[in-house]
Amino acid sequence: MRIVSLLPSATEIICELGLGDDLVGVTHECDYPPAVADLPKVTKTLIPHDASSREIDALVRERLQTQRALYTLDLPTLQRLAPDLIVTQTLCDVCAVAEAEVAAAACALPGQPKVLNLEPLSLADVFASIRAVGDAAGVSARAEAVVAGLQGRVHAVAARSRTLAHRPRVVLLEWIDPPFCAGHWTPELVRLAGGVEGVGQPGQPSRTMRWQEVVDADPEVLVIACCGFTIDRTMQDVPILARYPGFSELPCVRRGQVYVIDGSAYFSRPGPRLVDSLEILAHLLAPELHPLPPGLPAARRLTPAELAVTEAVGA
């Protein structure tokens, strides 16, 4: 089978199912596992590489109003690859190729490949997506085994979290400028890890929020995992937080409980690494209870000096 993936999380699912050799094309954003870097790219981005967070947000909002995606298909490459299965998504209107464009392209391709749309809103939905890809690719039993392994890790974290005497108030930011709370599966991950998400709602979309919502949530822990951003890129925006009123008075800032996580690799991609995200978050919230599994990176905790610099920039 020849498979083309139109989103990074699908690429990760496909490879987790042992179908890497069947994968013939990926998006320009697919970077994990590392072997996919050499595969042909079937999408292009309309976002300038040097755009600021505020500029990216403005471009996203403009595209939403016109019902146009931020990514487009490279049709000649797609035609050359002649896939049997195209895996895409309808969850986010701007973070992948538009559904209508994918459907039109599939109809024009020789053999009219099957198009599988994934639309997970929760962790259970992500597991269902893995099963759906397994069914479409003829490896259902393998998918069940993968899901069972992931569920076992989730249950282990949840069992340890149930022993916590105190569950800290947590806010997880998906974007800084403007501030976005994290929705979908993220509040569920916070709960499983032993925290209480103060703004985002499970199963609901991530959304722009008033900064006052963060202040009102009075978070003991602030986690920043900007969608599509590495830690280094996110750190460029951290000083912007100090422009928001009351930032320096938040309990998480006073206690030095502000963390940055790679939002490109974790939390934003509804695939197998959401369980990695859970384990990283659990270790962050209660390191004495939740050991960090080998091979996973710890969240970056902002030092007092970094927080002091942040405050000075915003003064």
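This is a predicted model: local features need pLDDT of at least 70, side-chain atom pairs count only at pLDDT 80 or more; totals for chains, interfaces and linings use all residues.
I started with helix α5 (residues 123-137): its 15 residues reach 21 Å from first C-alpha to last, close to the 21 Å expected at 1.5 Å a residue. The expected span is 1.5 Å times one less than the number of residues. Helices here are DSSP runs of H or I with at least four residues, strands are E runs of at least two, and both are numbered from the N terminus.

Residues are numbered from 1 along each chain as its sequence is written, and side-chain values use heavy atoms, with hydrogens and water left out.

**Entry 1**

I looked up which residues of α5 are buried (under 20% relative accessible area; exposed is over 50%, partly exposed in between, with a 1.4 Å probe and protein chains only). They are Leu 123, Val 126, Phe 127, Ser 129, Ile 130, Val 133, Gly 134, Ala 136 and Ala 137. Just after α5, Gly 138 takes a positive phi of about 75°.

Next I checked α5 against helix α6 (residues 140-161): the axes come within 7 Å and cross at roughly 160°. That angle makes α5 roughly antiparallel to α6. Axes are lines fitted to C-alpha atoms, for helices over the stretch in contact, and angles run from 0 to 180 degrees between N-to-C directions. Under 35 degrees counts as roughly parallel, over 145 as roughly antiparallel, 65 to 115 as roughly perpendicular, and the rest as oblique.

For the contact (heavy atoms within 4.5 Å), I listed Leu 123, Phe 127, Ile 130, Arg 131, Gly 134 and Asp 135 in α5, meeting Ser 140, Ala 143, Glu 144, Val 146, Val 147, Leu 150, Gln 151 and Val 154 in α6. These divide into 8 nonpolar, 3 polar and 3 charged. Here Ala, Val, Leu, Ile, Met, Phe, Trp, Tyr, Cys and Pro count as nonpolar, Asp, Glu, Lys and Arg as charged, and the others, Gly among them, as polar.

**Entry 2: α7 and α11**

Helix α7 (residues 186-193) and helix α11 (residues 273-285) have axes that come within 9 Å and cross at roughly 45°. So α7 is oblique to α11. From α7 I noted Leu 189, Val 190, Leu 192 and Ala 193, in contact with Leu 274, Ser 277, Leu 278, Leu 281, Ala 282 and Leu 285 of α11. By class I have 9 nonpolar residues, 1 polar and no charged ones.

**Entry 3: Leu 172 and Phe 267**

Leu 172 lies in strand β7 (residues 169-175) and counts as buried at 1% relative accessibility. Leaving out residues up to four places away in sequence, I found that Leu 172 touches Phe 180, Cys 181, Ala 182, Thr 186, Glu 197, Val 223, Ala 225 and Phe 267. With Ala 225, the separation is 53 residues in sequence and 7.1 Å in space, C-alpha to C-alpha.

I followed Phe 267 to the loop between β12 (258-260) and α11. Phe 267 has a positive phi of about 70° although it is not a glycine, and at 3% relative accessibility it counts as buried.

**Entry 4: other backbone checks**

Most residues other than glycine have a negative phi, and most peptide bonds are trans. Asp 218 has a positive phi near 50°, and I place it in the loop between α8 (211-217) and β11 (221-224). Asp 218 is partly exposed, at 33% relative accessible area.

I also found a cis peptide bond joining Tyr 32 and Pro 33, with omega about -5°. The bond from Asp 177 to Pro 178 is cis too, with omega near 0°.
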